[in-house]
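Here are a few notes to read alongside the model.

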Amino acid sequence: MKVGDTHFRSLWADPAKSRVHFIDQTRLPFAFETRSATRVEEVAEAIRVMRVRGAPLIGVAAAFGVALALEHDNSDAGLKRAVTTLKATRPTAVNLAWALDRVEAKLTGVLPHKRTELAWAEAQAIADEDVALNEAIGTHGVKLIEALYLRLKRPVNVLTHCNAGWIATVDWGTVTSPLYKAHEARIPVHVWVDETRPRNQGLLTAWELASHGVPHTLVTDNAGGHLMQRGQVDLVLVGADRVSRRGDVCNKIGTYLKALAAHANGVPFYACVPTPTIDWKVTDALAEIPIEERPADEVRIVRGLDLQGLPSQVAIASANTPVANPAFDVTPAELLTGLVTERGVFKANERDLLALWPKSQRDQAYLT
Ligand code: MRU
């Protein structure tokens, strides 16, 4: 998508294939800066501290990380080390392991001197597929917004949590793709943007929507239930970090509370899900999906600009205040109205998921 007049992807490889460039999301929304990496360790650091973040994007970044690693060491041990290092960066979003397994499988049985070129090509294919998957999610998701607009005959109020925007993917985003398509089609839409403590990914969503002129309002995480009770939310769209084979959705902490509020108030609640986010091996999401526990200082310390407009941090709790910081939660399939995927919109249940993805296709991102 565009930043100013320039089209950007959130991450891209140098044409010389010696480095990978990416938008540093820890600097947003206050500053737009790009960085580059030439070594796998730099990619791992970028994922760990969330310079690159969002389930699809960390998968793509990791795939390019393998290519960078092989530039320096294309041995079996070098490949194994790169995959292990990158897999250890973040545990919850399945896209990370999915992309690494896909690159590793592509390189299995390939002579070391031929691996690097193949790794770059596979990482690029994953990146390009991600763009196509997200755009297709938009094509299907916009129909939900359009139907609501035709019924309500006023701007459609959509609530979203976290950032499932174009910077959380390579382009388009999952949740933002239907929103951008609605805006392009002149379907009036307004977005309630949850702040999403503690990392405030909502500020990234607000920055994205502002850049594209999509009307939006930033709200605190606790406002959603109140807005729904008052009929001020017509639709909830959230992203996903891992979806079980029965349609349970693991997403940013706080998603579950929004789903409960939506259920209680009869507000349709959908997760936007590209195929690589489905973990076919998981049947019991609550028991099987590892929930990342992030550093306590993310809760204790708030970052922003001071009154002079300079980057600043303030502690809102003492260093010895005990803190828990689970980064994700699980919304059971029963609370979802449906899933918006690149193959269409359908119910979140095992029968529909398995019918749409025959066994032979389950571990791949296929566009139909
Ligand atoms: O911790 P983050 O910012 O990486 O978490 C991101 C989310 O939870 C998103 O909703 C999800 O990855 C979908 S992004 C298209």
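**Notes on the packing**

1. In this predicted model, 7 strands make up an open sheet with mixed pairing, in the order 8-7-6-9-12-17-18. Strand 8 (216–219) and strand 18 (344–346) sit at the edges with a single partner strand each, so one side of each has no neighbour in the sheet. Going from one strand to the next, the twist averages 25°.

2. Look at strand 6 (residues 156–160) and strand 7 (residues 189–194): they run parallel and are joined by 5 bridges. Val158 has Val191 in strand 7 as its bridge partner. Helix 7 (residues 201–211) packs on the sheet here, touching strand 6, strand 7 and strand 8, and its direction makes about 155° with that of strand 7.

3. Helix 9 (residues 255–265) lies across strand 6, strand 7, strand 9 (235–238) and strand 12 (269–272), and runs at about 145° to strand 12.

4. Now for the helix pairs. Helix 3 (residues 76–87) and helix 4 (residues 94–107) pack at about 170° with axes 10 Å apart, which means helix 3 is roughly antiparallel to helix 4. The contact has 7 nonpolar, no polar and 4 charged residues. Among them, Leu79, Lys80 and Val83 are on the helix 3 side, with Leu100, Asp101 and Glu104 on helix 4.

5. Helix 5 (residues 112–152) and helix 6 (residues 176–184) pack at about 65°, with axes 7 Å apart, and the crossing is right-handed. Which residues of helix 6 does helix 5 meet? They are Ser177, Pro178, Leu179, Lys181 and Ala182.

Conventions: Residues are numbered from 1 along each chain as its sequence is written. This is a predicted model: local features need pLDDT of at least 70, side-chain atom pairs count only at pLDDT 80 or more; totals for chains, interfaces and linings use all residues. Side-chain values use heavy atoms; hydrogens and water are left out. Axes are lines fitted to C-alpha atoms, for helices over the stretch in contact, and angles run from 0 to 180 degrees between N-to-C directions. Helices (H or I, at least four residues) and strands (E, at least two) are DSSP runs, numbered from the N terminus. Angles under 35 degrees count as roughly parallel, over 145 as roughly antiparallel, 65 to 115 as roughly perpendicular and the rest as oblique. Contact means heavy atoms within 4.5 Å. Ala, Val, Leu, Ile, Met, Phe, Trp, Tyr, Cys and Pro count as nonpolar, Asp, Glu, Lys and Arg as charged, and the others, Gly among them, as polar. A crossing is left-handed if the near helix is turned anticlockwise from the far one by less than a right angle, and right-handed if clockwise. Two strands pair if DSSP finds at least two bridges between them.
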